[in-house]
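I opened the notebook with two things to look up.

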Amino acid sequence: MPDRNESGPLHGRVVAVTGGGRGLGRSIALAAAAAGADVAIAYRESEAGAKSVADEARSLGAEADVHRCDVTDRDQVFAFVAAAEQRFGRVDGLVNNAGIMPETPFLETTPQEWDRVIATDLTAAFHASQAVLPGMLERGSGSIVSIASRLGQVGWPGVAHYASAKAGLIALAKSISREFGQRGVRANCVAPGVTNTDMGRTVMEGEVGRKRMAELPLGRFGEPEEVADCVVFLLSDASALLIGQTLNPNSGGLMP
Ligand code: NDP
């Protein structure tokens with residue numbers, strides 16, 4: 001068994017990540033493990049991916065568990081958190097990462113698609129936050145990090161549902177922070193720009209992506225590991241004074 005990172009910023013913490021079987025969630029779970037945390041990894045379809053993330057986390061010295069959890073199902077979200085609490089004794093950090101971004105012109109967006117995106121990208125964070133908060137309040141500490149998006153701050157054609165949900169996450173973090181900050185719970189968001197995952201590559205690989213990259217002050221898109229570092233920072237005590245904030249690791253695509 002390899003040694004865990006006892007001097008890491010998340011040593012002794014338990015971090016739960018939704019959508020941890022691939023993409024950004026995979027990088028977040030591994031970055032948390034590398035920072036010393038034990039990790040509870042939720043997946044919907046990527047079971048093999050989640051198991052390989054758990055194996056990799058264990059190779060970093062962490063304890064790791066995987067759970068199937070469709071974040072649109074409140075019961076499954078509560079079951080995921082309960083299982084993590086049972087296995088590890090508590091959840092100190094929650095990362096609301098799972099998300100979808102279908103692209104549909106606004107006037108063609110059906111109410112069903114609107115509801116599906118809001119359920120996945122916003123309401124899921126409401127469920128998961130309600131699930132972890134009682135334990136965090138009991139211990140008087142906790143950090144909730146939601147993955148928002150640059151688009152949630154600027155709006156974007158073709159993804160009104162997605163941008164609205166991401167804007168909602170930003171307001172949710174501020175609201176939770178105002179309600180529970182004095183009891184030790186912080187909620188913040190990370191708002192990436194285009195990032196090199198399955199979702200990001202749909203943009204990166206086209207002409208629009210090449211044009212957008214050339215306009216970025218940094219001149220390149222982000223890697224998931226770079227975004228994950230921001231999440232670990234917000235989960236850790238290094239960000240103790242940051243509450244209700246949105247970090248923008250998006251290559252200068254948004255300078256609020
Ligand atoms: P991917 O499309 O690569 O991965 C999506 C993840 O979300 C998968 O782990 C998937 O799980 C999970 N997921 C989707 N729907 C559900 C559901 N109903 N229940 C549980 N899990 C679900 O996307 P990214 O990794 O890039 O995205 C991660 C987050 O980052 C999202 O919130 C996204 O909006 C945000 N983001 C991404 C950007 C990018 O350019 N990549 C830019 C800005 C924000 P599974 O495979 O197990 O089904």
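**Entry 1: make-up of the shell.** I am working from a predicted model. I sorted the residues of the shell around the ligand by type: twelve are nonpolar, twelve are polar and six are charged. I then noted the count, and 30 residues surround the ligand. The closest are Arg22, Ser46, Asn97, Tyr162 and Thr197.

Entry 2: Which side chain has an N or O atom 2.6 Å from an oxygen atom of the ligand? I found Tyr162 there. Next I looked up Lys166, where a polar side-chain atom lies 2.8 Å from an oxygen atom of the ligand. Val71 uses its backbone instead: an N or O atom there lies 2.9 Å from a nitrogen atom of the ligand.

**Entry 3: burial and pocket.** I looked up how much of the ligand the protein covers. Taken alone, the ligand exposes 890 Å², and the protein buries 96% of that. I also checked the location, and the ligand sits in the largest pocket.

**Entry 4: elements around the ligand.** Which elements give two or more residues to the shell? I listed helix H1 (23-34), helix H6 (160-180) and helix H7 (198-204). H7 provides the largest share, three residues.

**Entry 5: salt bridges.** Side chains of opposite charge can pair when their charged atoms come close. I find 14 salt bridges in the structure. In one of them, the side chains of Arg4 and Asp38 meet at 2.7 Å, N to O. I traced both ends: Arg4 is in the segment before strand E1 (14-17), and Asp38 is in strand E2 (residues 38-43). The pair links distant parts of the chain, 34 residues apart.

Technical notes:
Residues numbered from 1 in each chain as written. Predicted model: local features only at pLDDT ≥ 70, side-chain atom pairs only at ≥ 80, totals over all residues. Heavy atoms only, no water. Near = heavy atom within 4 Å. Polar contact = N/O pair within 3.5 Å; in protein donor to acceptor, adjacent residues only side chain to side chain. Areas by Shrake-Rupley, 256 points an atom, 1.4 Å probe, with all protein chains shown as cover. 1 Å grid on protein atoms, 1.4 Å probe; cavity = no way out; pocket = protein on both sides within 12 Å on 5 of 7 lines; lining within 4 Å. Sits in = over half its atoms within 2 Å of the grid points. Helix = DSSP H or I, 4+ residues; strand = E, 2+ residues; numbered from the N terminus. Nonpolar A, V, L, I, M, F, W, Y, C, P; charged D, E, K, R; others polar. Salt bridge = Lys/Arg side-chain N within 4 Å of Asp/Glu carboxyl O.
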